[in-house]
Amino acid sequence: MTTGETALGTPAAPAYGELRELLWRALIDCDGAGAVALVRDAVRADASVQVPIAAERVLLDLIAPVQERVGTEWAADRISVAQEHAATATNERCVSAVADTAASALPGQRLGRVTVACVDGEWHALPARLVTEVLRLRGWTVDHLGAQVPTEHLIAHLHRRACDAVLLSSSIPARLPAAHTAISACRTTGTPVMAGGAAFGPDGRYARRMRAAWAPDAVGAHTLLVQGLERPTVEAARLPDLDLPHLSDQEYTLVGKTKRRLVKQTLADVEEAFAPMRRYSSSQRERTAEDIDHIVTYLGTALYVDDADLFTTFVTWTAGILGARGVPPAALLPALDSLLRQLTDFPRAEAILTAARTTLTVPGPGRPV
Ligand code: B12
């Protein structure tokens with residue numbers, strides 16, 4: 001697509017199939033002007049509804065699915081990391097364009113003020129941004145703090161600007177311990193906390209364990225806010241550890257403290273057991289060390305929330321990523337076996353590793369081996 005051509009022609013009811021394809025093309029061609037023109041036209045073309053509703057549809061039914069496709073194509077090794085970054089940057093521009101297009105049509109009466117932020121260490125800003133823009137379109141005043149907000153600065157913000165709720169976003173499960181710290185700290189300010197994003201699990205199970213309200217998406221966030229969230233009392237404030245009694249076995253803490261040693265030994269064991277690794281270049285070796293580092297991080301996270309599924313999902317995902325890049329998923333087994341040997345006194349870690357190992361080795365639909 002060239003700049004300014006948008007090939008709209010869709011009926012008022014949004015059937016975005018073709019537009020998704022065109023937006024995808026524009027993102028991959030780094031055609032920012034074309035992408036922006038396309039989404040603006042899509043808002044204006046949806047004339048059967050008021051502008052804020054049309055804008056919301058474009059954000060959630062056009063821009064968001066195309067962004068998800070960016071992830072799928074990267075995972076399948078069909079686009080590069082650079083293309084993924086460029087596409088995301090362009091799509092962020094599209095979100096701003098939609099917000100600007102609808103700005104003059106926003107409802108005059110505001111429903112209240114909320115703060116939206118990504119938890120510490122969380123770079124996935126776009127999901128939070130979508131939540132922010134949808135809430136603005138639906139009548140909320142939003143303080144949008146963006147990516148990786150250090151918890152102390154978030155708390156300082158809440159003290160400066162009282163709000164009806166703080167909405168925390170996280171996409172990467174590895175950020176769950178940080179999310180829990182942020183949720184607990186926000187609660188001590190007496191501000192209701194809502195969590196969301198892929199990290200909290202499809203049913204929000206981790207958010208609830210951390211005493212945060214949860215909604216699956218931006219519209220769900222609005223619904224919960226309208227219903228009203230309970231304000232936490234100062235007396236209810238407590239250390240995050242008390243929400244997760246299993247942490248008293250210290251497995252999470254000890255795996256975290258010995259992480260460097262665990263990664264080093266695992267790398268040595270993998271090199272011993274997986275012959276092709278001996279011919280790896282230094283950058284392939286570096287990637288392998290990173291993969292092992294992530295495996296230990298996710299083991300720690302699974303211990304933190306006490307859920308083997310979290311680790312199995314991560315290992316299955318890693319196997320898929322490796323498989324798409326020509327590395328057999330079985331290459332992960334020596335790493336799991338090494339950790340099993342090193343963590344013999346850790347019953348929860350052992351159960352988590354064993355469950356993941358079984359998933360990798362037992363053939364079945366969708367199984368990587
Ligand atoms: C773009 C992107 C990036 C960009 C982010 C830039 C940016 N400005 O956002 C960059 C390059 C920084 C990045 C980095 C990484 N990424 Co990334 N990334 C993505 C990608 C392609 C899109 C994310 C996105 O915007 N999704 C679109 C929206 C629509 O997502 P959504 O979650 O559905 O949002 C809705 C709901 O979740 C909900 N919601 C969200 N927040 C909240 C909050 C509240 C309160 C509520 C109620 C609701 C809510 O509402 C939203 C709108 O309705 C995803 C793929 C994907 N499928 O999402 C991978 C993905 C999330 N990334 C992934 C990975 C692995 C990484 C890295 C670890 C890669 C690496 N090795 O470095 C790093 C981690 C960085 C970090 N510490 O955060 C994996 C995660 C897999 C996993 N199991 O953990 C994914 C899934 C890619 C994949 N297909 O495998 N990434």
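In the predicted model, domain 2 and domain 3 bury about 790 Å² between them, with 57% of this area on carbon and sulfur atoms. Buried area here is the accessible area (1.4 Å probe) that two parts lose on being put together, summed over both. Of the area that domain 2 buries against domain 3, 47% is supplied by Ala-174, Pro-177 and Tyr-206, more than by any other three residues. The model is a prediction in which local features need pLDDT of at least 70 and side-chain atom pairs count only at pLDDT 80 or more, while totals for chains, interfaces and linings use all residues. Residues are numbered from 1 along each chain as its sequence is written, and side-chain values use heavy atoms, with hydrogens and water left out.

The domain assignment of the protein chain gives domain 1 (1-105), domain 2 (109-243) and domain 3 (248-361); such bounds come from an automatic or database domain assignment. The C-alpha centres of domain 2 and domain 3 are 31 Å apart. Contact (heavy atoms within 4.5 Å) involves 11 residues of domain 2 and 10 residues of domain 3.

Between domain 2 and domain 3 the count is 2 salt bridges, a salt bridge being a side-chain nitrogen of Lys or Arg within 4 Å of a carboxyl oxygen of Asp or Glu. On the side of domain 2 that touches domain 3, the elements giving two or more residues are helix 7 (176-188) and helix 8 (205-209). Helices (H or I, at least four residues) and strands (E, at least two) are DSSP runs, numbered from the N terminus. The side chains of Arg-205 and Asp-307 form a salt bridge at 2.8 Å, N to O.

An open sheet of 5 strands has the order 2-1-3-4-5 and parallel pairing, where two strands pair if DSSP finds at least two bridges between them. Strand 2 (140-146) and strand 5 (213-214) are the edge strands, each pairing on one side only. Strand 1 (residues 112-118) runs parallel to strand 2 and is joined to it by 6 bridges. Arg-113 lies opposite Thr-141 in strand 2. Helix 5 (residues 125-137) packs on the sheet and touches strand 1, strand 2 and strand 3 (165-169), its direction making about 165° with that of strand 2. Axes are lines fitted to C-alpha atoms, for helices over the stretch in contact, and angles run from 0 to 180 degrees between N-to-C directions. Helix 6 (residues 151-160) also packs on the sheet, in contact with strand 1, strand 2 and strand 3, and its direction makes about 170° with that of strand 1.
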